[in-house]
2 protein chains.
Amino acid sequence: MRRDRPRATARDLERYAALFASRTRVMTSSAMRDLMAITERPEVISLAGGLPDTSTFPAEDVAALAAKMAVEGAARALQYGPTDGLAAVKDCIVAVMAAEGTPVDPDDLLVTTGGQQVIDLVCKTLVDPGDVIVAEGPTYPGAVPAFTSYQADVVQIPMDADGMCVDQMEDVLDRLEADGRRPKFIYTIPNFQNPAGVTMALDRRRRLVEVAAERELLVLEDNPYGLLRYEGEPLPTLRSLDEGEFVIYLGTFSKILAPGLRLGWAAAPGPVLEKLNLGKQATDLCSSTFAQSFVAAFFAHREWRSYVERLRGLYRRRRDIMLDALAEHLPREARFTKPQGGLFLWATLPDELDTTDLLARALSRNVAFVPGRAAYTDGRGGSSMRLNFSGVGEDTIREGVRRIGEVAQEQLDLLRSIAGPAPAAKVADDPARAALDGPATDGPLADVLRLPPRDERSRRRDAR
Amino acid sequence: MRRDRPRATARDLERYAALFASRTRVMTSSAMRDLMAITERPEVISLAGGLPDTSTFPAEDVAALAAKMAVEGAARALQYGPTDGLAAVKDCIVAVMAAEGTPVDPDDLLVTTGGQQVIDLVCKTLVDPGDVIVAEGPTYPGAVPAFTSYQADVVQIPMDADGMCVDQMEDVLDRLEADGRRPKFIYTIPNFQNPAGVTMALDRRRRLVEVAAERELLVLEDNPYGLLRYEGEPLPTLRSLDEGEFVIYLGTFSKILAPGLRLGWAAAPGPVLEKLNLGKQATDLCSSTFAQSFVAAFFAHREWRSYVERLRGLYRRRRDIMLDALAEHLPREARFTKPQGGLFLWATLPDELDTTDLLARALSRNVAFVPGRAAYTDGRGGSSMRLNFSGVGEDTIREGVRRIGEVAQEQLDLLRSIAGPAPAAKVADDPARAALDGPATDGPLADVLRLPPRDERSRRRDAR
């Protein structure tokens with residue numbers, strides 16, 4: 001062995017880099033994951049993570065359920081299991097989906113290592129480098145690195161208070177088609193969207209599944225929070241409207257039970273499910289049977305609906321506290337969404353503020369949020385932020401928002417003292433119909449997206 | 001919604017297929033995973049799986065440890081954790097690696113969802129379609145679908161009783177280099193190899209890490225069974241010889257504790273580890289903190305070495321039972337390896353027997369094994385099989401081997417009654433030095449591999 005060579009030099013780094021795959025060179029880090037290391041410090045108030053409050057789950061229940069799990073089959077809980085998941089867990093999933101009016105056959109299910117793995121496996125199964133994924137703008141910041149690692153071109157469709165603007169999505173699909181590009185799937189979080197907190201209206205849901213059927217496109221419906229509704233009537237899932245023809249449904253135990261179990265699931269059309277299963281075999285063989293056995297014990301011996309009901313009460317109060325605090329502390333021109341459920345809301349500060357810069361200042365006062373750019377692949381979202389209201393207590397929410405408001409106002413005052421008097425605040429004609437962030441101007445598909453919209457092109461075609 | 005269309009027709013299947021990625025079209029199923037569904041039937045004796053005997057872990061211990069885990073931090077066990085793993089689990093890993101004489105810094109570790117995820121992430125980080133992976137022949141059947149899903153070209157190096165023939169590997173590297181191809185990594189299981197059961201000799205280990213350093217190639221050292229040695233002296237890990245410069249080390253709790261936890265780890269050079277971490281973020285965020293907390297509780301409150309010692313005694317007896325049964329029941333010309341540890345051995349039947357065909361007959365008598373072709377990407381291994389001796393009891397091993405011997409002998413008698421008298425059995429000059437299976441004749445790199453070996457080429461070069 002040559003031990004005389006210096007180690008970890010720049011030359012070493014280059015040497016390894018030469019062995020990396022092309023996807024590795026474009027892989028990005030998840031903004032939330034990076035922040036997690038910082039926000040682990042106890043003095044930091046984190047409104048950044050997507051953390052449920054796991055302290056609501058009684059410690060003595062963990063012990064009691066684990067004891068039951070041991071009695072009912074310790075050897076099985078410790079052993080490898082089938083790739084598609086334990087039958088007992090699939091029965092729990094059927095019950096959870098039924099509670100959202102979505103019947104499913106256990107044979108159409110794949111138990112996964114959290115909902116994140118469904119996103120990864122769907123990309124693995126469908127996406128070649130350069131393929132198009134249609135997503136919401138903003139989209140789940142954790143989906144961005146998954147899409148990037150498969151070298152996808154992501155097109156993000158504007159959202160308003162009624163969720164993704166499906167008519168604009170149709171325009172984009174037309175333009176892509178004109179450019180010879182067919183998206184591999186449409187990614188959406190219809191309920192209490194992460195990060196925007198808005199919910200897709202019923203007419204848009206119906207139209208979205210119609211469009212998918214007409215154009216034979218797959219939809220990935222990500223529904224982690226559907227049961228965490230704090231007001232208003234539940235809306236049908238896309239899968240229940242589509243009956244499982246073009247919709248791949250993503251569910252998870254993370255938000256109704258515990259994310260530390262790392263258990264989610266996919267319900268997918270047979271030919272797709274089969275490929276997701278093959279992908280999972282190669283990736284991790286099967287998800288933890290130990291965690292799966294705990295879920296089965298929980299559903300057998302506890303009232304899972306009561307636990308969700310308790311979470312709903314807790315998070316509803318926290319949401320209300322945050323909405324009040326935002327109204328009180330954010331700069332006057334700021335806008336924010338009013339989620340009917342879920343864990344997040346989306347706040348947009350005056351244009352001249354950059355939330356990535358603001359985060360550094362906020363961290364110096366021990367408060368964290370997810371800057372808006374993490375939810376886009378094209379640089380948008382620069383004056384927005386995602387705020388979580390489920391992970392910390394009421395007083396902490398108030399204090400966290402107060403500090404964010406303080407640094408935002410200070411920065412705004414500073415900028416305006418340099419730039420002169422403040423411009424008139426932009427107010428949309430109908431705030432409920434206003435897009436959350438501006439239009440895309442950059443990114444791999446900007447050229448396609450700058451094509452004239454459908455009406456104008458039809459007119460041109462007709463004129464020929 | 002159009003509900004009048006017939007569903008799941010051939011046209012539907014085609015429609016979905018058009019949306020699949022190119023990798024999906026070449027994805028293969030894991031032979032063991034397929035067999036798992038069959039071998040779950042209680043009447044089937046499975047010598048196919050890679051199952052440890054989890055019934056040796058006392059059920060009351062699962063309950064007691066889970067209770068401790070709940071007391072020590074239920075909220076943390078149920079919450080998301082850092083992508084690289086809980087600090088307490090990294091401390092356990094440091095202790096396990098120290099027991100194999102392999103010092104490691106916790107900062108060089110990534111906790112993964114089983115060892116399988118390390119293979120997947122290493123491929124994700126390093127392999128573009130068409131890139132070369134050098135592996136042993138036979139190789140771990142579960143690595144084959146992982147390699148395939150990244151569209152790698154796999155070159156398999158023959159093995160003998162002393163493990164991978166490193167001199168032949170050097171020849172292959174020369175030929176690849178002459179063809180302008182640099183392998184992305186060399187995949188090896190040095191201890192009690194899966195599936196061959198052989199162990200790489202010390203001089204070959206030293207040479208392998210030398211070659212890696214000289215040629216600046218990464219090595220993936222897969223070491224799930226190192227602590228399960230039943231005889232002979234432990235040999236140094238490749239990582240301890242290389243000091244973490246070009247070796248990525250894969251470890252797992254599956255074989256020393258329980259596979260149902262789905263927890264393994266990678267120890268890798270810094271620049272590689274960073275990319276593995278990015279890949280994991282996008283794939284499943286983090287591995288189950290619930291399972292990780294259980295591991296931490298087990299190491300804190302039990303003597304993990306005693307449990308491994310108990311497994312060693314149990315599996316040693318089962319190995320001996322299987323070796324005796326094979327000597328008694330397999331056809332006279334059959335050969336099989338004598339593993340010094342681990343879970344598997346490799347049996348090679350007379351050439352005219354095809355173990356894929358034989359498996360169908362064996363299953364009709366309720367006994368299963370992994371056919372040898374599953375351990376190759378080039379069609380080799382047709383008369384070999386992998387047998388597991390850890391998963392079932394002693395009487396069951398005897399009966400399973402008896403049935404396999406019976407169907408093998410019947411099939412052999414049948415073939416020879418058709419084809420005339422048996423040919424003289426081929427016996428290598430030195431059986432210990434004989435390669436386990438024949439040379440590669442097919443596969444994507446067969447042309448490269450059919451180039452003349454190094455000596456002859458040097459002679460030719462010199463003659464020019």
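Modeller: Buried means under 20% relative accessible area, exposed means over 50%, and partly exposed covers what lies in between, with a 1.4 Å probe and protein chains only. The model is predicted, so local features need pLDDT of at least 70 and side-chain atom pairs pLDDT 80 or more, while totals for chains, interfaces and linings use all residues. Residues are numbered from 1 along each chain as its sequence is written, chains are lettered from A and ligands numbered from 1 in the order in which they are written, and side-chain values use heavy atoms, without hydrogens and water.

Colleague: Thanks! What makes A:Cys286 buried or exposed, then?
Modeller: Its relative accessibility is 1%, and the limit for buried is under 20%, so A:Cys286 counts as buried. B:Cys165, at 6%, counts as buried too.

Colleague: Why is the pair of B:Phe57 and B:Phe298 called tilted?
Modeller: Rings of Phe, Tyr and Trp (its six-membered ring) pair if their centres lie within 6.5 Å; planes under 30 degrees apart are stacked, over 60 edge-to-face, and the rest tilted. The whole structure has 29 aromatic pairs over all chains. In this one the centres are 5.6 Å apart and the planes meet at 45 degrees, so the pair is tilted. B:Phe57 lies in the loop between β1 (45-46) and α4 (59-78) of chain B and B:Phe298 in helix α12 (residues 289-301) of chain B, so the pair ties together parts 241 residues apart in sequence. B:Phe57 is buried at 4%, and B:Phe298 is buried at 3%.

Colleague: And what makes B:Phe147 and B:Phe185 an edge-to-face pair?
Modeller: Their planes are 70 degrees apart, with 6.1 Å centre to centre; the label asks for planes over 60 degrees apart and centres within 6.5 Å. B:Phe147 sits in helix α7 (residues 143-149) of chain B and B:Phe185 in strand β6 (residues 185-188) of chain B, 38 residues apart. B:Phe147 is buried at 0%, and B:Phe185 is buried at 0%.

Colleague: How do you know that A:Lys338 lies over the face of A:Phe336?
Modeller: A charge sits over a ring if NZ of Lys or CZ of Arg is within 6 Å of the ring centre and within 35 degrees of the ring normal. A:Lys338 lies over the face of A:Phe336 at 4.6 Å from the ring centre. In chain B, B:Lys338 lies over the face of B:Phe336, at 4.6 Å from the ring centre.

Colleague: Why are β10 and β13 of chain B said to stand at the edges?
Modeller: Helices (H or I, at least four residues) and strands (E, at least two) are DSSP runs numbered from the N terminus, and two strands pair if DSSP finds at least two bridges between them. The open sheet of 4 strands has the order β10-β11-β14-β13 (chain B), with antiparallel pairing. β10 (335-336) and β13 (370-371) of chain B each have a single partner strand, so one side of each is left without a neighbour in the sheet.

Colleague: What joins β11 to β14 in chain B?
Modeller: There are 5 bridges between β11 (residues 344-348) and β14 (residues 384-388) of chain B, which run antiparallel.
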